[in-house]
Amino acid sequence: MEYKTAWGQSLHVMVTYFSRDGHRRRTELAMDTRDGNLWTLETAAMESYRHPAAYITYYYIVVDGSGKMLRREWLGDPRLYPFDIHQDFLFPDYWRDAPLDVRFRQPTGPALDEKEQEQHEQQVINNYLHKAELQARKLSCVLYNQTILFTVKAPDLHEGEEVAIIGNHPTLGSWLPERYLSMKHVDDDLWMLSVNVTGVDYPLEYKYVVIDRETRLLKLWEEGANRRVHVPRVYPENVIIEDGDCLRVKDPAKIGVFTLETTAPEYLLWHLPFGTRIKGFEWRRDYETYVFDLDGTLISSLEDLCGSCNYALKTFGLPQHSLEEVRMMVGNGVKKLMERATPDGLDNPKFDEVYATFRKHYMSHNRDHTAPYPGIMDMLRRLRAAGKHVAVVSNKFYAATQALCKDFFGPLVEVAIGERENIRKKPAPDTVVEALRQLGVGRDRAVYIGDSDVDIMTARNSGMPCISVLWGFRDRAFLVRHGARTFVSKPEEIF
């Protein structure tokens with residue numbers, strides 16, 4: 001854990017083991033540091049054969065050179081986890097302060113004398129341990145050979161809502177909204193889930209989401225950047241504790257009255273009441289690389305897509321589609337568009353001919369009505385004049401992507417990549433990775449801009465922030481349901 005101490009101070013951890021028969025053992029352990037900032041502790045649990053431990057809880061304190069406690073963590077919510085003497089546990093932690101709403105409502109009064117202060121401290125600790133015991137009776141988490149134990153508090157849930165988790169690995173649902181993993185409600189605001197990660201050995205990213213209890217549909221993604229598991233892999237007989245603190249979803253009914261000046265709102269954002277006004281910070285980041293989707297983001301191409309689609313269908317006597325119907329079919333490449341538009345899709349014996357007819361017609365008619373959206377050209381010119389890198393990645397087939405970008409944007413777009421056989425299409429990150437490779441830049445200062453759920457997933461899978469545009473093929477409500485959090489309504493808002 002990182003915690004900056006003054007000279008002569010040290011960090012201790014107060015550990016309590018609970019057995020199923022109600023017995024408890026408590027110990028105080030001094031932590032080690034080399035720089036007074038990063039504190040670590042490796043210790044072995046002393047097992048009691050008469051009262052084997054089933055749960056563990058702990059909190060941190062700061063002590064001076066004489067062993068006197070100077071400061072203690074907030075003990076409002078116990079850290080409580082299942083325990084197995086045969087497993088190794090890793091706790092990547094942070095210091096817990098009382099939330100602002102708790103600190104502001106704490107009563108003020110005359111200072112307590114030393115004896116009263118000791119009695120008060122002991123009462124707080126007793127309340128903490130009692131709450132941990134009550135939670136332990138409700139907690140039932142399986143510990144596997146290789147386990148990640150996810151835990152998060154969700155104080156702003158409404159009636160009928162539950163918490164789940166989605167991540168980048170198939171074990172965590174591959175970011176697919178319908179493949180979330182439901183979490184267990186332990187007590188009050190606390191939710192937990194233990195996940196078997198045997199064989200998973202590369203960095204895991206994830207987010208918590210809100211689920212409707214009745215429909216079982218995903219309602220909300222939490223905001224902010226993806227969370228990341230603290231270790232690159234979990235070894236056998238290891239349990240990694242991922243304490244997620246608070247779910248990053250706010251209740252709009254809670255309106256703040258504070259005005260703060262800060263240069264680090266990312267940290268404060270999820271620790272302040274909703275509506276808090278933050279001054280002195282520029283919310284729009286200064287990116288170096290801008291990776292754009294094409295259709296629905298840079299160019300208005302729906303009429304030409306619809307026209308070629310219906311031409312191919314009409315040629316083979318198949319039913320045609322309205323512009324709005326085609327609008328909901330695009331986003332995953334033109335082959336997927338034609339699969340959705342053709343009765344029985346790939347199983348239709350005429351599908352290959354229909355698709356080939358579409359491609360041939362579209363290559364000759366993809367500029368009949370297609371044009372950049374108003375403001376796009378000026379925005380791209382400002383980006384290039386400022387020395388920014390610009391790339392386009394599209395699920396449109398490669399030849400059409402290249403032709404349209406060359407005709408409309410010329411040197412304003414440095415790299416344009418479309419669908420081709422040797423690279424996976426979006427939402428896989430491959431086209432984005434290839435664009436960054438050709439530009440010779442990293443993703444650290446890059447942003448992805450698109451108009452659809454596919455683009456949101458592409459940005460997430462690429463480890464990049466996403467800006468969702470509101471002039472494209474999907475409306476705001478649709479984008480919100482699929483995890484969009486940053487929106488622009490005009491191209492000039494991008495840069």
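A residue is called buried when its relative accessible area is under 20%, exposed when it is over 50%, and partly exposed in between (1.4 Å probe, protein chains only). Helices (H or I, at least four residues) and strands (E, at least two) are DSSP runs, numbered from the N terminus. The model is predicted: local features need pLDDT of at least 70, side-chain atom pairs count only at pLDDT 80 or more, and totals for chains, interfaces and linings use all residues. Residues are numbered from 1 along each chain as its sequence is written, and side-chain values use heavy atoms, with hydrogens and water left out.

Strand 1 covers residues 10-19, and 10 of its 10 residues are buried, so the strand is largely enclosed by the rest of the structure. Both of its faces are covered. On one side lie Ser-10, His-12, Met-14, Thr-16 and Phe-18, and on the other Leu-11, Val-13, Val-15, Tyr-17 and Ser-19, all of them buried. Two strands are taken to pair if DSSP finds at least two bridges between them. Strand 1 runs antiparallel to strand 5 (residues 53-63), to which 10 bridges join it; within strand 5, Tyr-58 stands opposite Val-15. Strand 1 is also antiparallel to strand 2 (residues 24-30), with 7 bridges between them. Leu-29 of strand 2 is the bridge partner of Val-13. Strands 1 and 2 form a hairpin in which 4 residues separate them, and Gly-22 in the turn has a positive phi of about 95°.

Strands of a sheet pair through backbone hydrogen bonds, either parallel or antiparallel. An open sheet with parallel pairing is formed by 6 strands in the order 24-23-20-25-26-27. Its edge strands, each pairing on one side only, are strand 24 (415-419) and strand 27 (487-488). Strand 23 (residues 389-397) runs parallel to strand 24 and is joined to it by 4 bridges. Val-415 in strand 24 is the bridge partner of Ala-391.

Some backbone geometry was also examined. Most residues other than glycine have a negative phi, and most peptide bonds are trans. The peptide bond from Lys-426 to Pro-427 is cis, with omega near 15°. Pro-427 is found in the loop between strand 24 and helix 10 (430-439). Arg-216 is a residue other than glycine with a positive phi, near 65°. It is placed in the loop between strand 14 (205-212) and strand 15 (218-221), and its relative accessible area of 32% makes Arg-216 partly exposed. Asp-245, likewise not a glycine, has a positive phi near 55° and lies in strand 17 (residues 238-246).

His-185 is found in strand 12 (residues 184-187). With 42% relative accessibility, His-185 counts as partly exposed. Between His-185 and Val-152 there are 33 residues of sequence separation and a C-alpha to C-alpha distance of 9.9 Å.

Glu-116 is located in helix 2 (residues 114-138) and is partly exposed, at 37% relative accessibility. Together with Asp-113, Glu-114 and Glu-118, Glu-116 forms a negative surface patch. Patches are made of residues with over 30% relative accessible area and no salt bridge, like charges being joined within 9 Å and nonpolar side chains (Val, Leu, Ile, Met, Phe, Trp, Tyr) within 5 Å. A salt bridge is a side-chain nitrogen of Lys or Arg within 4 Å of a carboxyl oxygen of Asp or Glu.

Note on methods:
Accessible areas come from the Shrake-Rupley method with a 1.4 Å probe; for residues, only the protein chains shown count as cover. Lys and Arg count as positive and Asp and Glu as negative; His and the chain ends are not counted. The place of a charge is taken as NZ of Lys, CZ of Arg, CG of Asp or CD of Glu.
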